[in-house]
Amino acid sequence: MQVLTMGSEMDVNRVLQESVLRPVIVFKHSSRCPRSARAYQEWQSFLRSPEAQRVTPAMVWVIEQRMASLAIA
């Protein structure tokens, strides 16, 4: 399954446009947070599940892709 990665405000806008056609789930991940590391494992598990086929998954790394993270907020 392809996960849309958001690294810019333009990517965020692209994901918002996608959400008009199909539900989107956005995972905001922090590479410095232990809780986010655990949530990332759960996210990976979700992506392998049949339920994931019903949505478009998208992800932003909150530290590395700060501008996109702020645009989502």
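Tutor: We will take the sheet, then a helix, then the aromatic rings. Keep in mind that this is a predicted model.

Student: How many bridges join β1 to β3?

Tutor: Two bridges join β1 to β3 (residues 56-61), and these strands run parallel. To find the place, look for leucine 4, which stands opposite alanine 58 in β3.

Student: Which residues of α2 are buried?

Tutor: A residue counts as buried under 20% relative accessible area and as exposed over 50%. In α2, Ser36, Trp43 and Leu47 are buried. They lie on the same side of α2, because the arc they cover around the axis is only 35°. The buried residues of α2 pack against β2 and β3.

Student: What does the face turned away from the buried side carry?

Tutor: That face of α2 carries the exposed residues Pro34 and Arg35. Arginine 35 has a relative accessibility of 73%, so it counts as exposed. For a sense of distance, arginine 35 and alanine 58 are 23 residues apart in sequence, and 19 Å separate their C-alpha atoms in space.

Student: Is serine 69 buried or exposed?

Tutor: Serine 69 lies in helix α3 (residues 66-72). Its relative accessibility is 4%, so serine 69 counts as buried. Leaving aside neighbours within four places in sequence, serine 69 is in contact with Lys28, Val60 and Val62.

Student: How do I describe a pair of aromatic rings?

Tutor: Give the distance of the ring centres and the angle of the planes. In this structure the count comes to four aromatic pairs. In one of them, phenylalanine 27 and tyrosine 40 have ring centres 6.2 Å apart and planes at 35°, so the pair is tilted. The pair links distant parts of the chain, since phenylalanine 27 is in strand β2 and tyrosine 40 is in helix α2, 13 residues apart.

Student: How accessible are phenylalanine 27 and tyrosine 40?

Tutor: Phenylalanine 27 has a relative accessible area of 12%, so it is buried. Tyrosine 40, at 26%, counts as partly exposed. Tyrosine 40 also forms a tilted aromatic pair with tryptophan 61, at 6.1 Å centre to centre and 45° between the planes. Because tyrosine 40 lies in helix α2 and tryptophan 61 in strand β3, this pair ties together parts that are 21 residues apart in sequence. Tryptophan 61 is partly exposed, at a relative accessible area of 28%.

Student: Which residues form the aromatic cluster?

Tutor: Phe27, Tyr40, Trp43, Phe46 and Trp61 form one aromatic cluster.

Methods. Residues numbered from 1 in each chain as written. Predicted model: local features only at pLDDT ≥ 70, side-chain atom pairs only at ≥ 80, totals over all residues. Heavy atoms only, no water. Pairing = 2+ DSSP bridges. Helix = DSSP H or I, 4+ residues; strand = E, 2+ residues; numbered from the N terminus. Buried < 20%, exposed > 50% of the residue type's maximum accessible area, 1.4 Å probe, protein only. Contact = heavy atoms within 4.5 Å. Arc of directions from axis to C-beta. Phe/Tyr/Trp six-rings, centres within 6.5 Å; stacked < 30°, edge-to-face > 60°.
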